[in-house]
Amino acid sequence: MVMSVQQTVQMAQRPAKTKPTKPAIDWRGRLLDRAPFLVACLMLALIVGIYGSLQSGVFSLDELNLDTAAAMTLMLAATGQTIVLLRGGIDLSIGGMISLGTVIAATRFTDDASTTALWALIILALGFLIGALNGLLISLLKLQPFLVTLATWSILNGIAMIILPTDGGSIPSWWVGFASAQLLGLTSPVWMLLALLLFWWWFRATRVGIAIQATGSNEKSAFLSGVSIARVNLVTYGLSGLFAAGAALFLVTQTGAGSPTIGKDYILPSVAAAVIGGVSLFGGRGHLAGTLIGAFVLTLIGNLVFVLHVSSYWQPVASGVILLLSVLASSVAEKAARNRAQ
Amino acid sequence: MSAFLARNRLIVLAYAGMLALLLVTALFSPGFLSVSNMRSTVVLAAFVGIVALGQTFVIIGGGIDLSVPWVLNSAAIIMALLCGGQDLPLVWVMPLLLAGGAFIGLINGIGVAQFGVPPIIMTLATNVILQGLILVLTGGSPTPSAPALIQFLSVGRLSGFPVIALIWLALTLVATLLLSKAAFGRHLYALGTSATVAEFSGVPTARTTILTYVISGLTAAFAGMLLTGYSGQAYLGMGDAYLFTSIAAVAIGGASILGGSGHYLGTVAGAMVLTILTGLLPALNLSSGALLIVYGAVILLTVSIGSETFAGLGGRLRRKEG
């Protein structure tokens, strides 16, 4: 009722103003909206700039291939995390899924291509199913994603430790070689990066993609618009598990072995990469391109620390500071946008 | 009595679970209920319980503190370095490090309350920054052994009781008074239930939020020093396990991760449950992998019992009262 009165007042006032003009494009508003993403781009440019001025041959295809390979595991994990964050949730279980994926690969992959391919498919299917189970628990029992995925992280990690108690096992060399396979001068990780962007360009406009983002912005209005929240949760966490499994399959090309504990190194960095890239933890806002840039930023800090000849222990300090700076930038931009709206 | 049960259903359940677990454990390994074993279980649970004290306050206020591991680890390492195995420096080192822990909490709280940074990100950032700084400081090398006084606090006994258990008991009393009797406690529950409503009701939300993180910084730093005494030495990574266990203890103790509910008395039971489980599995000849699976299952079970779907009678009684 109050709203409608205000609207009537506004409508009554409008003709009293100057003649109606074509609505101008709100450039400042758009800029503010994209500020976190732009800050991430700026950071990446800065890091690459410094790196490039200290090290020769940074602006080459070789360097691109190398850095993308180094960042790809995080990128895959963070892609799943981005989908969950857009839904307004969080997935800590990807750590367990990544560990589980690497130990299954390290104990089951053989030189026989068809066996290995079958197990790779099983790992991916397992990732989707376990993720979907997270989603099911969250919607059926109305549980908090943080605690559900904390619990499943622990369970998956435990299973991984039972399958392979310590780092080890072996990955067939042909699977390891996949990460350095080239096409048109670009290695497969770079092609995977392009594929991820292509996937996103397609996915965000699909019915499911739209439903996930709508639910993340406002669960109630999404539900009232006919979105099945249970199905959204199922797909959201299922995809997160699927991408975590994909991350595991890629990770073993880099390590050549399985590890029951390696996954935990990707849980919070995957959230950090998304947040640096401008994805909101409150759901509904963000873009995979930002996340991928965030993953590059986090990976390249390591290179930067190396060429600056300082202790590698500065790397976590730098990534923490960058994380804080970017989240402060987005919170300032968000405040400015809110002030404009009022 | 029934009203008490309805209001504190989850806390009562946590204690019931703890007792059941004790009985089951005693069945499988008869020596488990012996005085010496119970003593060592309580000592181990005290470390989880002290770290989880701050975590409880933060979670009731609707936040989360991921900076616990390296606040704990930093306090442990710096204490060992500054004391060099001597007792005397503790006179100024302990207050200094407690202040340091409180300061990190202050930064976390200001970031969350004043700048609107999501707690997960704010505390994650301070955690990795501290981790890096400590690594730079020590260069990854081990530190001198713990002063004897700290060892006494964590493994010593006073007329048969472990000193740390007495410390834990005292802290539990303080936390209970803060939550149940002080204005701060009422503010905290109001803040966790709805920050907006609390703000409009005149609750100093920013100050209350900041205070929860300060408490968490304090308890993590304190636990770090005590843990150094327990293991005889400070080492890198000694706090890592406490991120999971502190949150798990709070969750098992019946607090909602959304804030506004729960009590430190529940967390105490949660810390005991986690520690008894750690002792149970070797008795059953199970691996550490199995322990992680059981941890996960217990968390899932307790949060399911606490969820709306399972709220059942207790929830209905509560609604009638309200």
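Student: Which residues is A:S270 in contact with, leaving aside its neighbours within four places in sequence?

Tutor: They are A:L74, A:A77, A:A78, A:Q81 and A:I94. Contact means heavy atoms within 4.5 Å.

Student: What should I know about the model and the numbering?

Tutor: This is a predicted model: local features need pLDDT of at least 70, side-chain atom pairs count only at pLDDT 80 or more, and totals for chains, interfaces and linings use all residues. Residues are numbered from 1 along each chain as its sequence is written, chains are lettered from A and ligands numbered from 1 in the order in which they are written, and side-chain values use heavy atoms, with hydrogens and water left out.

Student: Back to A:S270. Where is its place?

Tutor: A:S270 sits in helix α13 of chain A, residues 264–276. Helices here are DSSP runs (H or I, at least four residues), as are strands (E, at least two), and both are numbered from the N terminus.

Student: Is A:S270 buried or exposed?

Tutor: Buried, at 0% relative accessibility. Buried means under 20% relative accessible area, exposed means over 50%, and partly exposed is in between (1.4 Å probe, protein chains only).

Student: Which backbone oxygen lies 2.6 Å from a polar atom of the side chain of A:S270?

Tutor: The one of A:I267.

Student: New topic. How many salt bridges does a search of the whole structure find?

Tutor: One, over all chains. A salt bridge is a side-chain nitrogen of Lys or Arg within 4 Å of a carboxyl oxygen of Asp or Glu.

Student: Which side chains meet in it?

Tutor: Those of A:R87 and A:E219, at 3.4 Å from N to O. The pair links distant parts of the chain, 132 residues apart. A:R87 is in helix α4 (residues 61–87) of chain A, and A:E219 is in helix α11 (residues 219–224).

Student: Buried or exposed, for A:R87?

Tutor: A:R87 counts as buried because its relative accessibility is 9%. A:E219 is partly exposed, at 39%.

Student: Which residues in chain B lose the most area to chain A?

Tutor: B:I121, B:L292 and B:L300, together 15% of what that side buries.

Student: Now the largest nonpolar core. How many residues has it?

Tutor: It has 194 residues. Those with the most contacts inside it are A:M75, A:I98, A:F146, B:W168 and B:I247. A nonpolar core is a set of buried Ala, Val, Leu, Ile, Met, Phe, Trp, Tyr and Cys residues joined through side-chain atoms within 4.5 Å. Helix α3 (residues 35–60) of chain B supplies the largest share of this core, 14 residues.

Student: What does A:I98 touch?

Tutor: Not counting residues up to four places away in sequence, A:I98 touches residues including A:A77, A:L251, A:I262 and A:Y266.

Student: Last one. What is phi of A:K142 near?

Tutor: Near 50°, a positive value in a residue other than glycine. Most residues other than glycine have a negative phi. A:K142 lies in the loop between α6 (113–140) and α7 (145–163) of chain A. A:K142 counts as exposed, at 52% relative accessibility.

Student: And A:G258, how far is its C-alpha from that of A:T102?

Tutor: The two are separated by 4.5 Å, though they are 156 residues apart along the chain. A:G258 is in the loop between α12 (229–255) and α13 of chain A, and A:G258 is buried, at 3%.

Definitions and conventions:
Buried area is the accessible area (1.4 Å probe) that two parts lose on being put together, summed over both. A polar contact is a pair of N or O atoms within 3.5 Å; within protein, one must be able to donate a hydrogen and the other to accept it, and residues adjacent in sequence count only if both atoms are side-chain atoms.
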